[in-house]
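This report walks through one protein structure for a reader meeting it for the first time. Please keep the sequence and the 3D view open while reading.

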Amino acid sequence: MRKIFILSVLLSIVSFTIAQKWDGTTKTPVTPNKNIYTITNGAELAWVAQQCNDGTQDFKGRTILIAEDIDLDNHEWTPIGTADHPFKGNVIGNWKTISNLFISGTNDYVGLLGYARGDNDNIYTTIAALSVENVNIKGGIAVGAIAGFVKFLAFDSCSVIGGTVEGNTAVGGFVGHCSYVATMDCFAKVDVTANTTYGGGFVGINDTSNVRMYIHYAFAKGKVTGPGTNGGFVGLNNNKIESAYTVTNPINGETFGGFCGENSEIGKFDNCHFCTSYSPGIQGIGKDLGNVDVADMLGNASVQMMQDAFVGTGSGSGLNGADFGKTHWSTDFKSPHPRINDGHPILTWFYTLKYDSTASITSYTSAINIYPNPIKNELRIKTENIVVERVEIVDLLGKAIITLKSGFEFIDVNHLNNGIYFVKIYTNNDIITRKVIKQ
């Protein structure tokens with residue numbers, strides 16, 4: 001079987017302009033265009049936070065589109081959304097970066113987003129293609145870089161790189177506390193401190209078991225410390241985590257594990273890995289009430305995690321496993337390219353973004369062209385020398401929204417909600433998958 005890559009979308013519009021610095025006080029109103037709020041600077045993003053937090057609007061059914069890199073310049077940031085006034089909109093990061101995020105104090109529900117949620121596990125919101133860099137965040141309960149508390153929400157291709165996240169309980173490098181959350185192709189590289197309990201390199205508390213909404217294809221790297229229960233990836237796990245790894249140095253606590261601090265009776269793991277090089281004798285799970293199979297929680301030396309075999313091919317081995325032909329993981333750069341993750345695996349979209357920021361989505365031996373991307377009204381598929389048996393468009397949870405055995409050259413997508421989708425092309429040999437965004 002040919003090796004298949006899920007290439008990132010929107011790379012052709014990545015810009016390299018210097019982000020405008022926010023002054024810490026200005027809030028600039030934004031006028032939507034067809035329910036899309038285009039954000040170009042910190043003042044506009046701060047206005048979104050103000051509108052949500054004072055109850056003016058929750059942005060339900062609307063999309064926040066980040067159109068430029070944003071530098072918050074280490075001014076005090078007010079998280080978007082509170083427990084009384086949750087943020088209910090979508091955020092499309094457009095592969096842009098929000099940098100120098102600073103939050104102090106002991107408030108609960110702290111992060112770029114404070115408290116965000118959809119309506120239920122069938123009507124969820126999406127945060128996609130967003131990067132946050134250089135964070136300095138402190139709070140109380142539910143503290144994370146991307147978000148403090150999230151429910152009925154899906155993350156796709158998001159990252160946190162550099163800085164510190166500190167709080168009391170439910171503290172994560174990516175998210176503090178998540179419930180009914182689907183996470184795909186995301187990572188966090190920050191240091192985490194949980195001053196009370198449940199600190200995790202990626203998520204503090206991963207809550208509420210659900211067969212469709214869980215964390216998969218993710219990694220965490222950095223320190224995880226505190227006096228209570230901590231894990232290199234997750235502090236307390238009540239849900240499923242699949243195809244993930246963590247490299248944590250150091251990690252400590254009254255109860256701690258290389259991957260998970262405490263796993264409940266309903267917590268599950270599949271193809272998860274932790275590093276043993278920095279804490280000899282460390283176990284993957286500090287306290288396991290779920291009787292996890294040893295084959296699903298594996299310890300590896302750091303050098304082992306740099307091997308091609310650890311990444312796998314997508315045909316049943318390594319991190320890529322056997323998820324219907326999609327390849328989520330790539331090896332880190334090799335000579336002559338400088339490594340960007342200390343030799344440990346990186347996600348395919350991140351590899352493509354760093355390797356060639358002008359890469360086209362047309363890359364499957366020049367045999368398939370899927371365009372435009374992002375899409376608005378119509379998706380077009382052009383193939384050469386490939387026999388196509390059927391085409392599916394699926395959502396982040398893997399549900400097929402559109403299935404066609406013919407007439408797939410021009411697909412009407414007007415009825416699709418804004419967000420991230422996968423186009424799956426079934427041929428006589430392979431399943432070719434591409435990620436697209438609907439605006």
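## Model and confidence

The structure is a predicted model. Mean pLDDT for the protein is 87, and 89% of its residues reach 70 or more. Residues 1–16 have a pLDDT below 50, and this stretch has 62 contacts in the model beyond near neighbours in sequence. The pLDDT is also below 50 over residues 356–366, a stretch with 28 contacts in the model beyond near neighbours in sequence.

## Overall make-up

The protein contains 3 helices and 30 strands. Of its 439 residues, 59% are buried. Among contacts in the protein with a separation of 6 or more, 75% are between residues 24 or more positions apart.

## Helix H1

Helix H1 covers residues 42–53, which makes 12 residues. From its first C-alpha to its last it reaches 16 Å, close to the 16 Å expected at 1.5 Å a residue. Just after the helix comes glycine 55, with a positive phi of about 85°.

How many of the 12 residues of H1 are buried? The number is 11, so the helix is largely enclosed by the rest of the structure. The buried residues include Leu45, Trp47, Val48 and Cys52, and also Glu44, Gln51 and Asn53. Among the elements that cover them are strand S2 (36–39), strand S3 (63–66), strand S4 (70–71) and strand S5 (90–103).

In soluble globular proteins, nonpolar side chains tend to be buried together. Here the largest nonpolar core has 72 residues, and Trp77 and Phe259 have the most contacts inside it. Strand S11 (residues 175–200) supplies the largest share of this core, 8 residues. There is also a second, separate core of 21 residues, which includes Phe187, Met305, Val311 and Leu347.

Valine 175 belongs to strand S11. Its relative accessibility is 2%, so valine 175 counts as buried. Phenylalanine 149 is 26 residues away from valine 175 in sequence, and the two are 6.9 Å apart in space, C-alpha to C-alpha. Leaving aside neighbours within four places in sequence, the residues in contact with valine 175 include Val143, Ala147, Val150 and Phe155, as well as Phe202 and Val203.

Threonine 229 is part of strand S14 (residues 229–231). Threonine 229 also counts as buried, because its relative accessibility is 12%, and the cut-off for buried is under 20%. Beyond its neighbours within four places in sequence, threonine 229 is in contact with Thr197, Tyr198, Gly199, Gly235, Thr255, Gly261 and Glu262.

## Backbone exceptions

Most residues other than glycine have a negative phi, and most peptide bonds are trans. Aspartate 73 sits in the loop between S4 and S5 and is partly exposed, with a relative accessible area of 27%.

Aspartate 185 is found in strand S11. Is aspartate 185 buried or exposed? With a relative accessible area of 2%, aspartate 185 is buried. Proline 250 lies in strand S16 (residues 240–251).

## Cysteines

How many disulfides are there? The count comes to 0, where a disulfide would need two cysteine sulfur atoms within 2.5 Å. For cysteine 186, the closest cysteine sulfur is that of cysteine 158, and the distance of 4.7 Å is too far for a bond. Cysteine 186 is buried, with a relative accessible area of 0%. Cysteine 275 is buried as well, with a relative accessible area of 7%.

Definitions and conventions. Residues are numbered from 1 along each chain as its sequence is written. This is a predicted model: local features need pLDDT of at least 70, side-chain atom pairs count only at pLDDT 80 or more; totals for chains, interfaces and linings use all residues. Side-chain values use heavy atoms; hydrogens and water are left out. Helices (H or I, at least four residues) and strands (E, at least two) are DSSP runs, numbered from the N terminus. Buried means under 20% relative accessible area, exposed over 50%, partly exposed in between (1.4 Å probe, protein chains only). Contact means heavy atoms within 4.5 Å. The expected span of a helix is 1.5 Å times one less than its number of residues. A nonpolar core is a set of buried Ala, Val, Leu, Ile, Met, Phe, Trp, Tyr and Cys residues joined through side-chain atoms within 4.5 Å. pLDDT is the predictor's confidence in each residue, from 0 to 100.
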